[in-house]
Amino acid sequence: MPWLLWLLCVSGGLAVALAAGRSLSAAEQQQLQSLFSMASNASLRERAERVAEFVPPPPRPMSPPPSLRPRAATLYKFKTNKDETFHDSIPIINEDQQVNSYLHHGESKRYFFLLQRPSATLTIIITPCNTAIKWALRYRHENETGKLTGSNENAPIRESSGSQLVPQTISLLPALNGLYILQVTAPQQSSAQFTIFATLQESALLPLNSHKQIKIRLQKRQLTKRLTVRWEQSPYDPYLMNYCVTISTRRFYNSLCEAISESDQNTFYSREPQHDSHHYTSDVRVACVKRKTSYTVSNMERGKFYYFNVFAINKKTNLTFPFGNASLLYDGRNKALGLRDNRPVTVSLRHLDGKAIFRYKVGKTAKPGSTLEWHVLPCGGSVEAEIRFQKKIIVPRQRIDGYGRLKVDDPEVGQRYSMYVMSRDPEELRRVSGVEVLATIHKTSLPLLPVQSKIMEYVGLRQCDSVTVGWLPVPEPHEAHYCVRATQLGPAAGASSSADRTRMKSYRRVNQCGLDVRLRSSTDFAVTLCLDNSPIDPLSVITQKITHLKPGHEYLIQVTVKKAHGKSLSYNLLQVQTKPRCS
């Protein structure tokens, strides 16, 4: 096969000339055109890659010093051989594959993109990482016979002087078939790290604008000096996207590799960020979290301004692009929530790391001898609350289950009072979804539950189809509206399943938040009885017989009370059971 040996020798010499950046002589150009015409059935890209495949690599420049060598093991890993990424014999830019490269001080290098057929668009994105770079794009046309015209030294069709450290986009509309030569030059005073991405598809560029739609949420956790960064999934190819977060006290970053270059000057990433990798200096942190959409930052410092960037990485193309950003001044303290008179405010204790502060200013309408009342409604579970005035505790800490009322007698007009609501422990915090607080010096729409808000059963009056219960009325002179509801839990005598027992346990927790809405929408009640009552004696007991129950079944009894045009509150829940047989 002498013709094959001849082809290898000729293509090898041409590849060396291209990689060295030397202009081809007339004879060499004729040989190159002959190579393209000899393989007319193969695509132009396949022919060029075939040449690169059989060419022995030319002598490389001096290896970078250890401090500048790419280190994949520390933060990033290689998916391909290092020779395919750094100092390639013929650096070919593949379509829809991000190229990551490195140049020494003052070094210049050429990258080749072969376009077989004309395209509606060609977009090339050049992203400098650690320093501004110069680049120039040249073009050699392929005529009807498949021959390339001109030379590698043609006048640039696009170029940049390298004055800015920002991603730069080259858009050609339309793009003619032929050879595109991108020459990149590093400054004399610095080595250069940069990425190149080329595409013919406009759809491949859609994710680049997603950061304008994505909202980054910052959730502070003051007690532990932590902060959680949260974001949404990418609307484009979400199953292909990994994410990296950068945290800096300096500034925002235009690219992920720019942040990495500041976090560690000795690290340069190659193909894909390593999953769950973290790397940072004192001022810059970089964390890659795979497909997670949140990351928690520890050891936040009070009084510092923080900048947060989220970057997305397409696992298929390695394209890395900005996904969103946010910033804040971390003060490490809970901000007090202002309350208006007689208007409830609900907050999530979980989002506030288990501690919330409410502040109320006594208005000028307050009369001498009036009382400032605080109503606390935990949304499931229990909390602890105390009241402070001028940083001093005036109402000691109290545990509140379901509902609590704290009072300040004769408050000072124009002064601010604060209530601190805290979760008792981490286990209780998981049960409490939030807390609702209302402060007022006037009458409220909430009924005043008695100190003993338990429901009692008269066991001696228990029947197979009924039970009798009693409770203390609200200590108010006006008529109140009571409703008694019975929810069937299941057969008695321990026959219920584990799922039923879990359900019963959750039913016993009194959640006062949104109670009226839940009562209207629930269909679980087996029996509902309502009555109006005006107590003559606040210590007298209201009794009610609940009928139409099933023999040998357990029921959960709930009593709610409300004022006219007011809001409902619930007494503690009571679990009862009927007799198994009727006598």
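Ser234 touches Met241, Tyr243 and Phe323, leaving aside residues up to four places away in sequence. Contact here means heavy atoms within 4.5 Å. This is a predicted model: local features need pLDDT of at least 70, side-chain atom pairs count only at pLDDT 80 or more, and totals for chains, interfaces and linings use all residues. Residues are numbered from 1 along each chain as its sequence is written, and side-chain values use heavy atoms, with hydrogens and water left out.

Ser234 sits in the loop between β11 (226–230) and β12 (241–248). Helices (H or I, at least four residues) and strands (E, at least two) are DSSP runs, numbered from the N terminus. With a relative accessible area of 3%, Ser234 is buried. Buried means under 20% relative accessible area, exposed over 50%, and partly exposed in between (1.4 Å probe, protein chains only). A polar atom of the Ser234 side chain lies 2.9 Å from the backbone oxygen of Tyr236.

Next, a sheet. Three strands form an open sheet in the order β28-β29-β32, with antiparallel pairing. β28 (456–457) and β32 (542–546) stand at the edges with a single partner strand each, so one side of each has no neighbour in the sheet. Two strands pair if DSSP finds at least two bridges between them. β28 and β29 (residues 467–471) pair over two bridges. Met456 stands opposite Gly470 in β29.

Now the disulfides. A disulfide is a pair of cysteine sulfur atoms within 2.5 Å. The count comes to five. Counting bonded cysteines along the chain, the pattern is 1-3, 2-4, 5-8, 6-10, 7-9.

One of them joins Cys379 to Cys513, S to S 1.8 Å. The torsion about its S-S bond is about -80°, so the disulfide is left-handed. Cys379 lies in the loop between β22 (371–378) and β23 (382–389), and Cys513 in the loop between α6 (498–508) and α7 (515–521), 134 residues apart. Both Cys379 and Cys513 are buried.

Cys464 and Cys582 form another, their sulfur atoms 1.7 Å apart. This link is right-handed, with 95° about the S-S bond. Cys464 lies in the loop between β28 and β29 and Cys582 in the segment after β35 (574–577), so the pair ties together parts 118 residues apart in sequence. Cys464 counts as buried at 7% relative accessibility. Cys582, at 51%, counts as exposed.

Finally, confidence. pLDDT is the predictor's confidence in each residue, from 0 to 100. The chain averages 79, and 77% of the residues score at least 70. Over residues 14–21 the pLDDT is below 50.

Note on methods:
Polar contact = N/O pair within 3.5 Å; in protein donor to acceptor, adjacent residues only side chain to side chain.
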